[in-house]
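Please keep the sequence and the structure in view while reading.

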Amino acid sequence: MSHNPSERLVYMANQIGKFFQSQGQEKEVAGVAEHIKKFWDPRMLKTIYAHHDAGGAGLDPAVKEAIGKLKDAAVAKEKA
Amino acid sequence: MSLIHETDYGTPLSKSEKMVTLTIDGQSITVPEGTSIMRAAMEAGTQIPKLCATDMVDAFGSCRLCLVEVEGRAGTPASCTTPVAAGLVVHTQTERLKKLRKGVMELYISDHPLDCLTCAANGDCELQDMAGAVGLRDVRYGNQGENHVFADACGEANPAWLPKDESNPYFTYDPSKCIVCSRCVRACEEVQGTFALTISGRGFDSRVSPGMSESFLGSECVSCGACVQACPTATLTEKSVIEIGQPEHSAVTTCAYCGVGCAFKAEMRGEEVVRMVPYKDGKANRGHSCVKGRFAYGYATHKERILKPMIRETIDQPWREVSYDEAFNFAAQKLRGIQAKHGRDSIGGITSSRCTNEETYLVQKLIRAGFGNNNVDTCARVCHSPTGYGLATTFGTSAGTQDFDSVEDSDVIMVIGANPTDAHPVFGSRMKKRLRQGAKLIVVDPRKIDLVKSAHIKADYHLPLLPGTNVAILTALAHVIVTEGLVNETFVRERCDWSEFQDWAEFVALEKNSPEAIAGISGVDPEAIRGAARLYAKGGNGAIYYGLGVTEHSQGSTTVIAIANLAMATGNIGRRGVGVNPLRGQNNVQGSCDMGSFPHELPGYRHISGDAVRDQFEAMWNVKLNPEPGLRIPNMFDSAIEGTFKGLYVQGEDILQSDPNTTHVVQALSSMECVIVQDLFLNETANYAHVFLPGSTFLEKDGTFTNAERRIQRVRKVMSPLNGMADWEVTIGLAKAMGFEMKYNHPSEIMDEIAALTPTFTGVSYQKLEEMGSVQWPCNEKFPEGSPIMHVDGFVRGKGKFVVTEYVATDERTGPRFPLLLTTGRILSQYNVGAQTRRTENVVWHGEDVLEIHPHDAEQRGIRDGDWVRLTSRAGETTLHALISERVAPGVVYTTFHHPLTQANVITTDYSDWATNCPEYKVTAVQVSQSNGPSDWQKAYDEQARNSRRIAPVVEAAE
Ligand code: SF4
Ligand code: SF4
Ligand code: SF4
Ligand code: FES
């Protein structure tokens, strides 16, 4: 497996995505977002947000959406 | 302190609820039906002379010493084999009995050496005691007749005499002292379940013999020591007792090896351990143990133990011995320096599953409160983290549901990816006992483990699946249960979320999840899956036990969830005999998880982002806590390579040897500026360390361990720490040097703090443990006596949660370059990375790691038994010896990871569980080929290790 940091995180995120994909559509995006929020440390989040900003290559669609939501929430929180 | 003497009641406890009253020597006594007269007498305080009876095994009635008279009955029945009956009037001492007993003893002694003064059992010999008890004064037969005692008789070789067998490293067998009471034989059968011993020959010629007249070492014997403990004479004796003499005091403590958590009496002479004797009141082990706990404690005084702190600037320098203060200050300066330069989050630590709860708690406290971040993780990451995730999601707690006693009520036992007879031997023995009584057995494992077929045990179903297909198989089992109408609907409606159940049932019923559809993926016969599912669902109390073969996969968490689903669907939760039980690897894995070792959770499994929880800890610790989860071990390594993580404090773990993809770990460790290792030995991780803090053994400190049943048990100090400090004191010293004071005088004060902060521990205290012996959490207002079985009246989370478990194939696939699947495991005599067991006589059973390969695969590659072979994966390569074996299926190879030279983890990749990043040890695509000896990597590694272990000679200052 690659040791390029963002590639590794993309892989991990997609792996999480595959589990929640099987949990039904309405849970998919929310499930991924919640899981990542619960278990990833800030620097991992920062790296994946940056990757998302740069187009999010390799992220599965639902995972991409989930990360986008997390990122928006984080930005909103910072502003508040 | 004195020697703890446990009462031997002569025969086992009867479980009957019906009570019977009788009279013994004029005293009335009430006991459960089925109790022997011998036991009833002992309960009334009268010890009837006995030799062949002991309460660990069933009575046999061969020595005829325990005779009694019963009014209205003819003759003199043996009290050990005669059950009580209502209204019996028993006499234990009459003229007739006295005479008979003397006669029996006289015969025994006439064929027994009279070297009592110099005998190792002197002071602890039941034959001696009984001679005294019956008043034997002379032996009319002399002892020059036909005998087993002397090597020669009248100048000729005595054919009846046999030499001592000293082949076992821990005990000897001296046939000249044997009274053929068969206690050893029964202990080996009934307690251990190995059936290694038999009585060969008849009458005067009968002998105890391991296997077919083999030596102990050459036989099936697994060296558990049950026979030694059962032997009333010096025939089977610990070598340590022969060498040192009888112990004079003892303390009850807990084994520091595996998650069974056997209780032992550490029998001492001064500060020297004479022997470890399993404690009958130990609720996990009930007086039994395995070779590791009973015998393999010699590492505690091994010459390679490091007793002084050491430091160095860079890892190519030799170590320099310094004082504790110097080491603490050096480490503290480095860590604070790193934080000043790279930020607060640039350091972290790893807690140990081998250390006590109190020590683990302190390390996570130091990291969260002293380092100011949540970069704390534990080696449970690499073994049972999926258990935490899976069981918390479905049931609401991160722990097994039963106590070990529960197995006595199981009717169907399903063992998944676990090898209890090797990895959890005492529980394995208890399970085998139940199986011999008729419980049914289902084994789900790629290998033909011992349980599949061994003495008097045969699995009803063995599902030999391909590594990596657990989820497919478990979902197929669920498919059968749902589609054949075997669901316990009442249970599900009452206890679980019904609509989630329906979604799940609809999913598992899909054709793609049928045994027939997954046969191609898993390689398992669909009929066997159907049969196993029917048996588990309808065979009575069904219990599931699982191990690392479940968790160490990329779908580890999903598999745990699938297991929980099965138990809920069949109503196998919430009472004795059923449940979902992870068999934990190390002695305190459960405890280290409970104590807040995970980066996202405070003690008691509460997420760090919860304000109310954090408030509580902040108030007690007087600091502000970081609300964001920290790094997990694999993420620490990644960040280290990336350059944002620079300092690590590792207590009692050898991450370099135990974590996957060794080359990656080496790279990560070498990128750090300060690695602090606290351990007994210069382990492999220490090769990359800058500070070494000496650790202490479980014999040298007070504390508690929590075993796989959630049972909290005391560890008691029986000798002063050779390194001068217990591990908790070392952590406090390091914390202080970093400007974070933690004040405790004794580990009990740490437990009080844990109890004050953790809802499932509020009732736990050393006082309570003193009173109850041990207690299973949750122990609080609701469960003041603890909780042997969980989810009795309902699930901890409220309604049980069914979760869909879709099978996702691992990305680690076989192909033309790597056509075989490697799976890893452990064996009985060695423990984990082997740092302790390799430093004991246990190496006679397992000198090195070998590669098990099926004859078919071996032949294709021209490999013969014992050849050096090269094992290659995408991650790396190593070499080891081949063992040709049909235990593994064609296409699968197997090895252990106990020895650093093999470095099996050079091979394992860093694929991991989707939810917890628990590494996928159990599946690696590999190739095996012929080889001439150690690989270049092994040689280079060995060289580096040698170099790194140098300790600078101490230069005495000139006067
Ligand atoms: S040590 Fe254990 S396995 Fe070996 S003979 Fe004795 S009881 Fe049996
Ligand atoms: S070895 Fe000990 S326990 Fe076994 S038959 Fe002889 S005396 Fe009894
Ligand atoms: S290693 Fe495990 S089974 Fe063996 S004595 Fe220790 S706790 Fe018991
Ligand atoms: S103790 Fe009862 S016959 Fe031996």
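Predicted model: local features only at pLDDT ≥ 70, side-chain atom pairs only at ≥ 80, totals over all residues.

Which residues do ring pairs link into a cluster? Tyr170(B), Phe171(B), Tyr173(B), Phe216(B) and Phe295(B) are the members of this cluster.

**Aromatic pairs**

- Over all chains, the count comes to 22 aromatic pairs.
- One of the pairs is formed by Phe171(B) and Phe295(B): the ring centres are 6.1 Å apart and the planes stand at 35°, so the pair is classed as tilted.
- Phe171(B) belongs to strand E7 (residues 171–173) of chain B and Phe295(B) to helix H7 (residues 291–295) of chain B, so this pair ties together parts that are 124 residues apart in sequence.
- Phe171(B) and Phe295(B) are both buried.
- Tyr324(B) and Phe328(B) also form a tilted pair, because their ring centres lie 5.7 Å apart with the planes at 35°.
- Helix H8 (residues 324–342) of chain B holds both Tyr324(B) and Phe328(B), which are 4 residues apart, or about one turn of the helix.
- Tyr324(B) has a relative accessible area of 15% and is therefore buried; Phe328(B), with a value of 4%, is buried as well.

**Charges over rings**

- The charged end of Arg312(B) is placed over the ring of Trp319(B), at 3.9 Å from the ring centre.
- Arg447(B) lies over the face of Tyr894(B), and here the distance to the ring centre is 3.7 Å.

**A strand hairpin**

- Strand E8 (residues 197–200) of chain B and E9(B) run antiparallel and are joined by 4 bridges.
- Within this pairing, Leu197(B) stands opposite Pro210(B) of E9(B).
- The two strands, E8(B) and E9(B), form a hairpin with 6 residues between them, and Gly201(B) in the turn has a positive phi of about 75°.
- Strand E9 (residues 207–210) of chain B is covered on both faces: Arg207(B) and Ser209(B) are buried on one side, and Val208(B) and Pro210(B) are buried on the other.

**Cysteines**

- A disulfide is a covalent bond between the sulfur atoms of two cysteines.
- The search of the whole structure finds 0 disulfides over all chains.
- Cys119(B) is in no disulfide, and the nearest cysteine sulfur, belonging to Cys125(B), is 6.3 Å away.
- Cys119(B) counts as buried because its relative accessible area is 14%.
- Cys66(B) is also buried, at 1% relative accessibility.

How values were computed
Residues numbered from 1 in each chain as written. Chains lettered and ligands numbered in written order. Heavy atoms only, no water. Buried < 20%, exposed > 50% of the residue type's maximum accessible area, 1.4 Å probe, protein only. Pairing = 2+ DSSP bridges. Phe/Tyr/Trp six-rings, centres within 6.5 Å; stacked < 30°, edge-to-face > 60°. Lys NZ or Arg CZ within 6 Å of the ring centre and 35° of its normal. Disulfide = S-S within 2.5 Å.
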